Amino acid sequence: MPPGSKGASGGNFVHDPKLAREREIKAQVKLMIQDVTGAACVVERSMVAKVRDGKGEKCRMQTLDGVLTRKNAEGERQSITSRCADLNREMIGAMGVSKAVLENVIFCHQEDSSWPLSEGKALKEKFDAIFASTRYTKVLDEIKKLKQSQDADIREGKKELEYLKQHKLKAQQLSGDLEELQAKLAASVDSVENINTELEPIKAKLEELNIRYNEIYKIQSSRDKCSSEKEHIQKAIQELKDNIHESFEGTTSELEKEVRNFSQQVQKKKDEQEKCKREQEQLATDLGKLEKEKSKLFVEIGKLQNESDLCDTNVKKRDSKILQLSELYNFEEFSSDSQIDEDMYRIFFDKIKQKLTEMMEAAKGRKMEFEEREQKLQAKIDELKANKTKLEHSEKIKKETIAKNNIELKDLKQSLLHMAGSAGRLSSVNADLKRAEKELVTTEDSMKVEDVQREVQNLEGKRKNLDKTINELSSEMIELHKQSEVQTKLDMLLANQKEKEESIERLKAEHDENIQSLLGPVPLDDLRETLSKYISNQGETVKQSNSVLKKLQTNLSTKQVEKTSTSTQLRQKEDELRELENKISSVCDSQDIDSELSEVQRSLTQAQEEKGCLLGAEHMIKKYIRGLERNNPSCPLCSRGFQQAQEIRELILKLQEQLRKVPANKRKAEEEMETHQQKYDEIMQLRPVKEAAANMRNRDIPALKAKLKKLEDEIKSLRKEVESKEEECLLMEGDLQTAKSLQPDIVDMDRRRAEVRQLQRDMEDLRSSRAGPGSGASSRAMNQVIAEKEEKQLELETLVKSLDLRRARLSDHQNKVHALKSRVQDLQGEKLAIEGELQQRTKLEERTATLTSDNANHQRDIEESLAQIRPIELDIDRLVKEKERVTQDKEVMTEKARADVEQVKNDGIGVKNLNTEIKKYRQSGKPSQLERDQQRQADIGEEQAGKENQQAEIAERLQELAEQISGQQVRQRELQDNLELHRKQAQIADLDEKIAALNDKLGDMNLKNLERERQRFLASETNLVQQLHNASSRQQSFKDQIRMAERELASSMYKDANQKYSTKIIENKTTEIVNTDLQKYYGAMDKAIMMYHKSKMEEINVIIQELWKNTYMGNDIDTIEIQSEAEDAAASGTIKSRRTYNYRVVMIKNGIPIDMRGRCSAGQKVLASLIIRLALAETFCVNCGVLALDEPTTNLDRSNIESLAVALVRIIRERSTQRHFQLVVITHDEDFVELLGRSDHVDEYIQVSKNHEGLSQLTVRPVDQLHSG
């Protein structure tokens, strides 16, 4: 992303959603290139910018997908997306340059283009990334760390060898102890077997005694249970006898017949009672409906009557309002005695509309008059402001001209002062120049360069001869070292062969017993193949057994799941039964629904009677009051007359008091009746609930319990089969696991035998190579060769020091001569510059006088303009105030006219609303509805009186039936108790027979003798078990000690101690040789990195100096270059820490390098950064000919822009033959584009602009039409 779009999660890179008035904007970027192989590639990236907050102020961008498409050799397209690959890495490989070169050289944004002159740390990071030095220096660090680690390993290895010897001795001691413990364990196993043999008959006898003991215990338990049940029934019989007043003397069957007949009589009475109750309920329901209908009619009649009254009121209001408004607005058709109908109403509204039209036309005319006055005043104001603006603009231009002239005068004065000092400087520069030329001649004559160079060549030849001799001695040492290595390898192979043969014998002895038990006698060569076949066959057998076991387990699981499901169903049924019983209990205090229903029916009847009485009382009291209010009334009960009028008034007051209480008592009676009716309905709804509970208790739950018992028996049988099959599978799997545990050691034995054979062949090869041709190539000893080599190396070092000394002297002489030449050139240039400045002095003085005169003229013009502006400002203020006053008058008039029109509208709307309500009522049909409802109210009163009389008759019949049923229920309960008594007596007889049978079954069994014999066998068993426990404890102790010894022998400390000791010697020796090689590798790579860095920097600086001289037109900087200073850290052992480089950009002035950062102008900074990027592109972009320059002319003056264009044209011309070369220039400088277009390589350019919607558009235009019209 460009630097400017990195904030806000990259949201600034995509078109802003706020401009498009969208919540999100999708974008796509495509790039088509040819990769380093010449294949066409198209890469595209899809993005979306979304508004993150509700205000639309924050925007977030995210990448949706990226696709890279290539064409293969057959022309087929192959695509890869960002979901399965890193597109950034793929593009770096396709373009053939690193990421750092892409970001900092090829594609560098204008804001980051001056990075070569950034601070030191940032510059070092950039150059390190471009040179890719980090990868190679990391290799040096890894080599250094590896060598240090291996040095530590060698030191640790020498210490470890001492411990390995001690471990070997300890392992031998543990092996001896293990054999002794195994012998003791065998003796302990025999002892345990003898004790088990004695214990088996005692256990069998105890099992027999336990079975007999359990049988006797079960019989006694059954007898005790029957006795307890008998006592419980006897108590129940006694309670029944106490409750029975009249005993039944007949048989049980006669008693049952008597109960059935009596129940039928009672049921007939109950059926008649139920029928009367239903009739009573129907009457109560009918009365309730009539009462509800009557109440509803009363409410509806009141509502209709109110609406009728309201309509009459609205008619009066409408007529009054129309007459009032007609008088207010002078409508002649209306008078105070006019009758308002629909025609008069329409005439009134036509008059209102006409009045509104006249008022609006008058207001519009006055508004137009005010607007004409405003326009005339605004025209005068605009004319005055235009004159004022012209004068102010002229004043501003003259002030800016004076300011620019003052700046130029200041610069001219400083230049003249500098020139005055330069006249004296010229003589001192001439003297310095003569001294420098003299010193240069003296220095050149001080050394004969040709003689020194010949000496250096002679010494170089001697050095080459010594290098050749040392190399020959090294080859001879390598040959001698190889012969000693062959003997060492032969000794190591012999030791290794012996160790492997011993390990083969040890493994064979360790597993011989298991091999014999599983496979029988097998030759050692065929052992591995035979064991593999056994494992395969046994595995197939185990697989078949496991398949059968799995089927049994599946059946068992199925039954268990079915059992779980059945148990769940049983719990659910029991829970449902409890819920149904709780539901019945919540409505009824007991589970007896019939008795509770009778009680509720009785309460409901009483409530209905109470309500009927209150209705009759209300009617009678009103009748009595009307009779008492007539002349000469008599008592309504005894028909006697009253002596005083006060008695009549008191009686009327008492009756009225009773009448006032009637509605409250009637509401209370209705509430009680509704409560009893609701409870009656709830009890009736419980009948199916009770039937469902009975079905669950007697049918569903017993069936589920029987099914559950059957499933438990089946599961028990399947478990036995599964356990038997599991034991069989365990035995077979044990043999299979034993064979598999043997397999690694058997394979190891076979592998070791193959290794022994290979070692024998290797030893034969070594013996033949040692006795072969060339084995006696050198007759000297190793120490003689080493002494001669050291002597030659000492001679070489002396020669190299002498050679370096002469080279240093020659280099110092050449540097001094070069510095003196640069000094002479600088003085000559300074002399020419001073002489040129003196020639320009007269021109500067003339220019100073001209500027001073111009400033005086401009100041006079400014003062005249200020004098003309003041009167204009006063006229403008006066006209603006007059316009504001006119505008205010217009607004006041408009507001008043609008209020008048609004008042007329509101008056008309008020009349219209009243007339609408009147028409709506008359058209709704409510007057006729009011008459029908009043007639229906009278009919309901008559029907209600007839229903109440029928209800009173049925209540009397119900009271008679309830008294009859209550008397017979007592007799029915007496008969039921007699029947239960007969049944309990029969149960007592059955229990006596069972108890006698159990006593006969016990017979002469003596439980005490059986217990004594059982205790005697238990004591014997306990003694033997104690002995077995002691022997097992000793056996376990031996096993633990054996296991501990085996664990110690198998631990990493003692396992393969001999092999570890030999291996460690070889590892230490090998590591020492490797460390020597690492030292050589480190030196070679360090030198290669240094040479690469040096050559690249020289190449870059050559290109920079060439581009600077061809581009920069100033004479204050000779050239620029990049200087890198190597920093070597302190040595660590024999390998130094890696070399690092610090970079800085310097400018050369008079041969002296000076840091350019902070000492150059903005234009020099831009040009230097651009030239450095061009040089880096020439050096590192061999495989990528693309270079993008973003605003390269920023801060450059015209001469440098022209020279930059010439330099770019030259680069285009030189690299035009390069494959894939492409230069992209992004600029706003049209003159720069025109300069580039003068070459033969640029014909067109692409112009980026915005369309009327604010979106970017690209247009291809010819360069030759850049400045045309």
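**Entry 1: helices H17 and H18**

I looked up how helix H17 (residues 1162–1180) packs on helix H18 (residues 1198–1215), and found an angle of about 5° with the axes 12 Å apart; helices here are DSSP runs of H or I of at least four residues, strands are E runs of at least two, and both are numbered from the N terminus. The axes are lines fitted to C-alpha atoms, for helices over the stretch in contact, and the angles run from 0 to 180 degrees between N-to-C directions. H17 is therefore roughly parallel to H18, a term for angles under 35 degrees.

I noted that this is a predicted model, in which local features need pLDDT of at least 70 and side-chain atom pairs count only at pLDDT 80 or more, while totals for chains, interfaces and linings use all residues. Residues are numbered from 1 along each chain as its sequence is written, and side-chain values use heavy atoms, with hydrogens and water left out.

I then listed the residues in contact (heavy atoms within 4.5 Å): H17 brings Leu 1167, Leu 1170, Leu 1174, Ala 1177 and Glu 1178, and H18 brings Asn 1200, Leu 1204, Leu 1208, Ile 1211 and Arg 1215. I sorted the residues of the H17 contact with H18 into 7 nonpolar, 1 polar and 2 charged, where Ala, Val, Leu, Ile, Met, Phe, Trp, Tyr, Cys and Pro count as nonpolar, Asp, Glu, Lys and Arg as charged, and the others, Gly among them, as polar.

**Entry 2: aromatic pairs**

I found 2 aromatic pairs in the structure; rings of Phe, Tyr and Trp (its six-membered ring) pair if their centres lie within 6.5 Å, with planes under 30 degrees apart counted as stacked, over 60 as edge-to-face and the rest as tilted. Trp 115 and Phe 127 have ring centres 5.6 Å apart and planes at 65°, so I recorded this pair as edge-to-face. Because Trp 115 lies in the loop between helix H3 (99–106) and helix H4 (120–131), and Phe 127 in helix H4, the pair ties together parts that are 12 residues apart in sequence. Trp 115 is buried at 5% relative accessible area (buried means under 20%, exposed over 50%, partly exposed in between, with a 1.4 Å probe and protein chains only), and Phe 127 is buried at 0%.

For Trp 1108 and Tyr 1112 I noted ring centres 4.6 Å apart and planes at 25°, so the pair is stacked. Trp 1108 is buried at 1%, and Tyr 1112 is buried at 10%.

**Entry 3: Gln 1123**

I located Gln 1123 in strand E5 (residues 1119–1127), where Gln 1123 is buried with a relative accessible area of 18%. Leaving aside neighbours within four places in sequence, I found Gln 1123 in contact with Asn 1142, Tyr 1143, Arg 1144, Val 1146 and Pro 1153.

Definitions and conventions: Parallel < 35°, antiparallel > 145°, perpendicular 65-115°, else oblique.
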